[in-house]
Amino acid sequence: MCKRPIPSSPRKRFLTVVVSLMCTATPLLHAAETEPVVLSVSQWREDVTYLSKMVWTCHPDPTIYGPTREEYDLKVTALLKSIPDLGDAELLLEVLKLQAMLNDAHSGTDWKTIDKRILNAKETPFRFYAGRDGWFLMATTEQYARYLGWHLTHVGGHRVDDVIRMIIPLVSGDNLINRRTHAGQRLNRAALLHTLGVLQDGDSITYRLRSSDGTMMEVTAEARAQVNGSQLLELFDAAKSPLPLWRKNAGRDYWFEVVSEHQLVYVQCNRIRNAEEESMYDFTKRLFECVDAQLISKFILDLRQNPGGDPELAWPLIHQIAMTEKINQTGKLFVIVGRGTKSAAPTTAVRLQNLSHAIIVGEPTAGRPNGFGNAYTFTLPNSGLTMRCSTLYMQPTALPDRRPWITPDLSAEITADDYRYNRDPAIKAIVDFKLVDSLLDVAGGISELNTADRVIDSIKRFRHNHQNKWIYIMDDVDKLGHGFLTAGKIDDAIAVFEFNARQYPYSSIVHSSLAEAFLAQGHRVRAIESYRTSLRKTRNTKALDGLRQLDALNP
């Protein structure tokens with residue numbers, strides 16, 4: 001490890017203190033608890049090279065959601081070159097960023113080894129949750145119980161959203177929902193926040209909290225050994241009302257209950273695996289014996305706390321739901337998803353989307369419709385960091401479905417007061433549900449609205465309705481743009497396609513459509529540029545054909 005100090009500059013101001021500490025071999029953690037890693041330049045280079053080799057050996061295709069091979073190699077080359085100028089803590093951050101570039105929840109770093117090898121695991125007894133109304137204190141010890149439900153505005157003097165943005169590049173995940181959730185779970189890690197420059201030391205964290213009446217309070221909590229979750233008081237513990245359905249049996253793999261008051265059957269599946277007491281097949285059989293005997297107005301499958309399992313074990317449940325006409329009707333069948341819906345759980349949700357009339361309710365999923373899994377675990381030879389790398393691509397939907405998440409048709413996000421008073425906005429949204437107009441209905445035909453400005457204004461008004469917040473509208477906007485294109489209104493088509501590209505920049509389809517419009521307008525160079533952008537997202541046949549026709553396959 002280099003003994004040379006890091007120059008103080010705006011780009012490195014957050015890490016200067018950490019690096020200088022590491023360069024003088026002063027650990028970021030208390031030596032009595034953990035022995036910090038101190039590696040040589042050659043050892044770090046060996047680790048980074050080994051990580052790169054394992055990623056491109058094990059992973060089915062890192063480029064599908066992550067960087068191109070050229071982009072990844074450039075990042076690795078730059079990191080290898082900069083190793084002599086960086087300290088261990090700063091190098092750790094770079095390794096985390098390198099793995100997070102893959103945008104794959106199953107290809108990441110085991111934070112337990114980070115705690116053990118480089119950063120200590122000391123934390124404050126604060127657990128925060130990102131609700132519709134902002135970050136709030138969800139759980140803490142009795143000492144700080146009075147602040148339960150208060151909103152978090154600052155951490156160590158920095159705006160909480162700024163701190164979250166600093167952590168997100170370090171955590172692996174399928175999408176921003178997944179990574180933001182994991183970043184929030186690290187708002188109590190003093191050593192990490194110190195390393196990032198959020199805190200002056202790693203011994204305590206000062207939070208600025210705001211009560212419901214606007215009272216502001218700064219609370220400083222000492223960072224101690226990791227707190228057992230059973231020692232924490234949760235916000236809903238203080239509520240006098242009974243627990244909502246989704247909180248009742250979180251420890252069970254699957255269960256159901258008939259809610260006679262609303263004539264609905266509520267099914268919660270928290271793991272896709274065969275429980276010891278009952279297989280998923282037997283559970284499905286027992287569930288539908290009950291369904292057959294009930295007068296049902298609505299059927300709910302709750303996957304919002306499901307981190308995955310074996311997606312093939314869910315087929316009996318999926319088939320039975322799809323084949324039961326009594327429940328498989330628009331407005332009667334609902335699937336609840338959210339930030340806890342990961343891995344194989346989104347696979348189950350998207351299969352129900354494809355095979356039934358299910359209405360998706362809640363928040364965007366933490367996992368993709370098409371994603372990676374079956375992670376292989378390996379250890380970097382010198383730092384001892386445990387890494388994971390996906391070895392399997394799961395594709396329940398047809399390509400080119402590159403959605404980063406499954407978006408709900410009906411948005412239902414929790415607030416601090418919902419949590420405090422044991423209210424479930426998802427169940428309420430389902431009970432109150434009435435069919436509403438789609439975006440195409442709201443936007444109307446091309447002849448009625450006449451201009452792109454009016455169409456885009458209709459889209460914004462549609463989005464302004466909180467119920468429609470997360471609805472996936474890319475395909476509908478694309479149809480509106482092609483309507484203008486067919487009508488010969490090229491400028492309007494381009495405006496709609498450009499709007500769509502700003503909303504869904506990761507999509508191959510929107511850039512391909514934009515290229516068609518540019519070509520129709522006679523802008524060959526811009527058409528080529530958009531087709532190439534489309535190809536960078538995925539191997540789009542339409543974009544390839546377009547470039548062939550323009551004799552522009554090679555840059």
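This is a predicted model: local features need pLDDT of at least 70, side-chain atom pairs count only at pLDDT 80 or more; totals for chains, interfaces and linings use all residues.

Residues are numbered from 1 along each chain as its sequence is written, and side-chain values use heavy atoms, with hydrogens and water left out.

**The chain as a whole**

The secondary structure of the protein chain amounts to 22 helices and 17 strands, where helices (H or I, at least four residues) and strands (E, at least two) are DSSP runs numbered from the N terminus. Of its 555 residues, 54% are buried; here buried means under 20% relative accessible area, exposed means over 50%, and partly exposed lies in between, with a 1.4 Å probe and protein chains only. Contact means heavy atoms within 4.5 Å, and among contacts between residues at least 6 apart in sequence, 68% join residues at least 24 apart.

In soluble globular proteins, nonpolar side chains tend to be buried together. The largest nonpolar core of this model has 85 residues, and the members that touch the most other members are Leu 51, Phe 128, Leu 152, Val 155, Leu 187 and Val 361; such a core is a set of buried Ala, Val, Leu, Ile, Met, Phe, Trp, Tyr and Cys residues joined through side-chain atoms within 4.5 Å. Not counting residues up to four places away in sequence, Leu 51 touches Tyr 72, Val 95, Leu 98, Gln 99, Phe 378, Leu 380 and Met 387.

Ser 52 lies in helix 2, which spans residues 41-58, and counts as buried because its relative accessibility is 9%. With residues up to four places away again left out, Ser 52 touches Tyr 72 and Val 76.

**Helix pairs**

Axes are lines fitted to C-alpha atoms, for helices over the stretch in contact, and angles run from 0 to 180 degrees between N-to-C directions. Angles under 35 degrees count as roughly parallel, over 145 as roughly antiparallel, 65 to 115 as roughly perpendicular and the rest as oblique.

| Helix pair | Angle | Axis separation |
|---|---|---|
| Helix 2 and helix 4 | about 10° | 11 Å |
| Helix 18 and helix 20 | roughly 10° | within 11 Å |
| Helix 19 and helix 20 | about 160° | 9 Å |

Helix 2 is therefore roughly parallel to helix 4. In their contact, Trp 44, Val 48, Leu 51 and Val 55 of helix 2 meet Asp 88, Leu 91, Leu 92, Val 95, Leu 98 and Gln 99 of helix 4. By class, this contact has eight nonpolar, one polar and one charged residues, with Ala, Val, Leu, Ile, Met, Phe, Trp, Tyr, Cys and Pro counted as nonpolar, Asp, Glu, Lys and Arg as charged, and the others, Gly among them, as polar.

For helix 19 (residues 490-503) and helix 20 (residues 508-521), the angle is about 160°, so helix 19 is roughly antiparallel to helix 20. Residues of helix 19 in this contact include Ile 490, Ile 494 and Phe 497, and those of helix 20 include Val 510, Leu 514 and Phe 518. The contact has nine nonpolar, four polar and two charged residues.

**Loop residues**

Ile 414, in the loop between strand 17 (410-411) and helix 13 (416-420), is buried because its relative accessible area is 8%. The C-alpha atoms of Ile 414 and Tyr 129 are separated by 9.6 Å, although the two residues are 285 apart along the chain. Beyond four places in sequence, Ile 414 touches Tyr 129, Gly 131, Arg 132, Asp 133, Trp 246, Tyr 419, Arg 423 and Pro 425.

Ser 211, in the loop between strand 5 (204-210) and strand 6 (216-222), is also buried, with a relative accessible area of 7%.

Most residues other than glycine have a negative phi. Asn 103, in the loop between helix 4 (88-100) and helix 5 (111-117), has a positive phi near 50° and is partly exposed at 22% relative accessibility. Gln 263, in the loop between strand 8 (254-259) and strand 9 (264-269), has a positive phi of about 50° and is partly exposed, with a relative accessible area of 36%.
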